[in-house]
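Have the sequence and the 3D view ready.

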Amino acid sequence: MLINKVSDQIKKSKFISRDLSWLRFNYRVLDQGRDTDKNFFDRLKFIAITSSNLDEFFMIRVGSLYNYLDYGKERTDYSGLREIPFRKKLLDYAHRFVNDQYLTFNSELKPLFGKYGFDILRVDELNEAEQKKADSYFKNTIFPLLTPMVYDNYHGFPLLMNQLLTFGVVTRNEEEQKEQDRVTFVQIPQNLARFYEISRKDKLVFVPIEEIIRWKIKKLFRNVEIVSANLFRITRNGDFTLEESDDIDADFVQEIKSKLRTRKKGRVVRLEIERNPSPFMMRLLKERWIIDNANVFTISSLIDLRSLWQIISHRQFRDKRPKQPASVMPLSLPSDGVDMFDYLKEHDVLLHHPYNSMEPVVNLLERAAEDPYVLGIKQTIYRLADQSRVTAALLKAAENGKHVSVLFEVKARFDEERNLREGERLEKAGCFVIYGIGKYKTHTKMLMIIRKEGEKVTRYIHLGSGNYNEQTARLYTDVSLLTTNEVYAHDVSEFFNVITGHSRPNQYKNLITSPKNMRAELIELIRTEARNAKKGLKSGIVIKINSLEDRETIEELYKASKAGVPIKLIVRGICCLRPGREDLSENISVKSIVGENLEHSRIYYFHNNGDSKVYGGSADIMVRSFDRRIEALFLIVNEELKREVINILYYNLLDNQNSYIMREDGTYAKKRLSAQEELVDVHKIFYTRNLQPEGEIELV
């Protein structure tokens, strides 16, 4: 009865739960692992991604929920549920997902390992010579790194690290007068490869390191009886929303370093454990971490499927993995041999990644570092690649005496340590480095190169939806703009003065920014479409984003739908809007594109009675994007480039290979190719350079 009541309450809400929507997104990722038409190693890759996604979900979203539960704060989810019944609903759904995830791995993928030249085996499945090798590896490499940590009347409970595999070993010493079980924890060092590799003539064998340790566990417990040895893994709360200081005078860098330490000992929100664990140990862990069965996930095989990356990326399978197509030249750039400083003085360039390479941006930055006429470089940085060419160029520019100012966002989740490290390197080289802006997270992506050219100074601008990361630019779809247009240059100069100094410009001409006014300006654009519809004028909205969650904006989209505005939304992940509900959102459709590339671009299209307004940029429609982040959307003013961006939306709407259609109840169905439809794979079609339909493009 209670289950029906909860379900009815969720159905009645005109909003979809953010967290339940996220879990549905991870199901769409899991669906890629189930797709038998995909390359086998790609299928493994998507299974590994679902595991990474779920780790972050528990650390951040479930962690955030526990902030409310643990601090005694009230919280009502978009579904209408309060924090306690919502916790049950959310964790029940997470259990269902994990069951389906492992059913896919165990039933659909493991049976195919041998066909693709490898296997994952236990020690007892090795031959005698192979066991000797595993024994030698244990003695020489693993054993010296293991540190048993006992918990009993004389030893306190040890700090167990977040997301490390751990053995909980229950032991008994029969020589003691009073027999007493005790638990010792053995954490597996994170700097050891998950699998010990053995080459056979016909295949590569991967032996999980925990199976070697289990095989030799008695070496750590001499002269005591081992009652049980159970492998488990914990996930700790990694959300600091209630703890982050609003004090803008605080030493911000030290605060972030403190948060990194806190992350290591945050409250436990999930316990993954193998089957049939010791009841004695389980009682102890539940009491210690204040968790119950809802937090406990019994895993049927390999705990932590992220470890599959060791297999997926193995050099022996390089030729079995699909090759990424070569990038094509942007439509707005004739060749890769042009002088970008000269070319950009006369032309704007639109880049659509990964179909267009990020090289024009990185090359421009590298050339600016060496160019004697370049006076300075200003840049915001959110995430960087390993061994980043961007950082190297900025260091070179500073060494060459140029003014370099960089805003490093040290609250870029899970990249904090890298950004701090890179920022400190730049500081030592003489760069002016800012580590974030107080309580706001700087998420915007912009670059300005100031160059003296004769009697005048030209500002070269780059604005984008993606990070300055050469590695992810080959995997994420993003759009970016290179220009010397003085209106953009003025706006970006003003914006840098805002984020590095104390300036409050009245308005920008080609930028919409947050946290000041992005929500209000987007709502006004939506209202304009509603007014046009009511007047009988042509109207329409097409928005492509990662997440749609802001309640105020959703309400305006509902109002526009009621006014007759056709609205097409392409939302990769979280979507809290209900499409197609009678008398609410009948004119709104929502699709999600999940496939080979990660859909990361944000594009906003408003018909505007034929004089369309098109924006790209860094912001999703989320409360955090509008209120707690520094974001920017940039208006596409060049008519040819605007047409290119509209074309991107056009083919995203046509896609029938990677698309999922959202139903009114919040569930998704894979879009199927009808007999009349031509196959459109949006992750392949943009590798055709001259992809422009003739005539006007009708989006709505």
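What is the order of the 3 strands in the open sheet?

## About the model

This is a predicted model, in which local features need pLDDT of at least 70, side-chain atom pairs count only at pLDDT 80 or more, and totals for chains, interfaces and linings use all residues. Residues are numbered from 1 along each chain as its sequence is written, and side-chain values use heavy atoms, with hydrogens and water left out.

## The sheet

The strand order is β1-β6-β5, and the pairing is mixed. Strands here are DSSP runs of E with at least two residues, and helices are runs of H or I with at least four, both numbered from the N terminus. Because β1 (118-120) and β5 (195-199) each have a single partner strand, they form the edges, and one side of each lacks a neighbour in the sheet. Direction ignored, neighbouring strands are turned by 20 degrees against each other on average.

β1 and β6 (residues 204-208) run parallel and are joined by 3 bridges; pairing requires at least two DSSP bridges.

Helix α11 (residues 359-370) packs with helix α12 (residues 389-399) at about 20 degrees, their axes 7 Å apart. Axes are lines fitted to C-alpha atoms over the stretch in contact, and angles between N-to-C directions run from 0 to 180 degrees. The two helices are therefore roughly parallel, the term for angles under 35 degrees.

Notes. Parallel < 35°, antiparallel > 145°, perpendicular 65-115°, else oblique.
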